[in-house]
Amino acid sequence: MKIGVLALQGAVREHLKHIVLSGHEGVTVKRVEELAALDGLVLPGGESTTMRRLMDLYGFTEALRQSELPMYGTCAGLILLAQDIEGYEEGHLKKMNIKVRRNSFGRQVDSFEADLEVKGIEEQVNAVFIRAPHILSVADEVEVLSEVDDKIVAVRQDKYLGISFHPELTDDYKIMKYFIEEMVAKNQ
Ligand code: GLN
């Protein structure tokens, strides 16, 4: 499979490494025209309002709203996929029927690591949370894959996968492999 990583801002290289470790081809995506060659797209972590500004500037907001590609968003990427963001009038790409809260794990624990159970993945996943959002509510068609302290941190809706944390900052590429093999490959 050929998987793109949106490379406007954020943790791009780390995702490319996980795509390659999963046994697939990873490419950076900086121009809208590059979307046509892909089987799936990763929206990395970073800062969602900055990413949105750059997406508007380079034409990605409209192109991705219309795109049929399977997408996997981590952290800021999850915020981009959400239908609703607490305190905002409108979501960004609005691909997933969920509502998210930004920076929701509190200041004193801005960053932490945890080993999580994630539905669909056999072993625990090593997760790093950095100024992470969490998912406040989901519609019926959204499957909850993981929770931390009663907060939803991983969801899937059809060909969209949204994760609060950063698997790409660890050596654990199980979620990337799941996205590519269970979601992208089966979408062909
Ligand atoms: N706090 C960031 C935002 O709201 C997301 C943090 C991250 O991607 N590590 O966009």
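Residues are numbered from 1 along each chain as its sequence is written. Because the model is predicted, local features need pLDDT of at least 70 and side-chain atom pairs count only at pLDDT 80 or more, whereas totals for chains, interfaces and linings use all residues.

Helices (H or I, at least four residues) and strands (E, at least two) are DSSP runs, numbered from the N terminus. Strand β3 (residues 40–43) is joined to strand β1 (residues 2–6) by three bridges, and the two run parallel; strands are taken to pair if DSSP finds at least two bridges between them. Three bridges also join β3 to strand β4 (residues 71–74), again in parallel. L41 is the bridge partner of G4 and stands opposite M71 in β4. In a regular strand the side chains alternate between the two faces of the sheet. In β3, both faces are covered, with G40 and V42 buried on one side and L41 and L43 buried on the other. A residue is buried if 20 or more other C-beta atoms, placed from the backbone, lie within 10 Å of its own.

Helix α2 (residues 48–57) has S48, M51, R52 and M55 buried. Seen down the helix axis, these buried residues fall within an arc of 100 degrees, so they line one face of α2; the arc is that of the directions from the helix axis to the C-beta atoms. They pack against α3 (60–66) and α4 (76–81). Just after α2, G59 takes a positive phi of about 80 degrees.

In an unreviewed UniProt entry, the annotation "active site" covers C75, H166 and E168; such annotations may be inferred rather than shown by experiment. The three span 94 residues in sequence, yet no two of their C-alpha atoms are more than 10.8 Å apart, so they gather at one spot. C75 lies in the loop between β4 and α4 and counts as buried, with 29 C-beta neighbours inside 10 Å. H166, in the loop between β12 (160–163) and α5 (174–184), is buried with 24 other C-beta atoms within 10 Å. Beyond four places in sequence, the contacts of C75 (C-beta atoms placed from the backbone, within 7 Å) include G45, I130 and H166. On the same criterion, H166 is in contact with residues including A11, G45 and C75.

The ligand is surrounded by residues including G45, S48, C75 and I130, where near means a C-beta atom, placed from the backbone, within 6 Å. The shell has four nonpolar, four polar and three charged residues. Ala, Val, Leu, Ile, Met, Phe, Trp, Tyr, Cys and Pro count as nonpolar, Asp, Glu, Lys and Arg as charged, and the others, Gly among them, as polar.

Methods: A residue is buried if 20 or more other C-beta atoms lie within 10 Å of its own, exposed if 12 or fewer, and partly exposed in between; C-beta atoms are placed from the backbone. Two residues are in contact if their C-beta atoms, placed from the backbone, lie within 7 Å.
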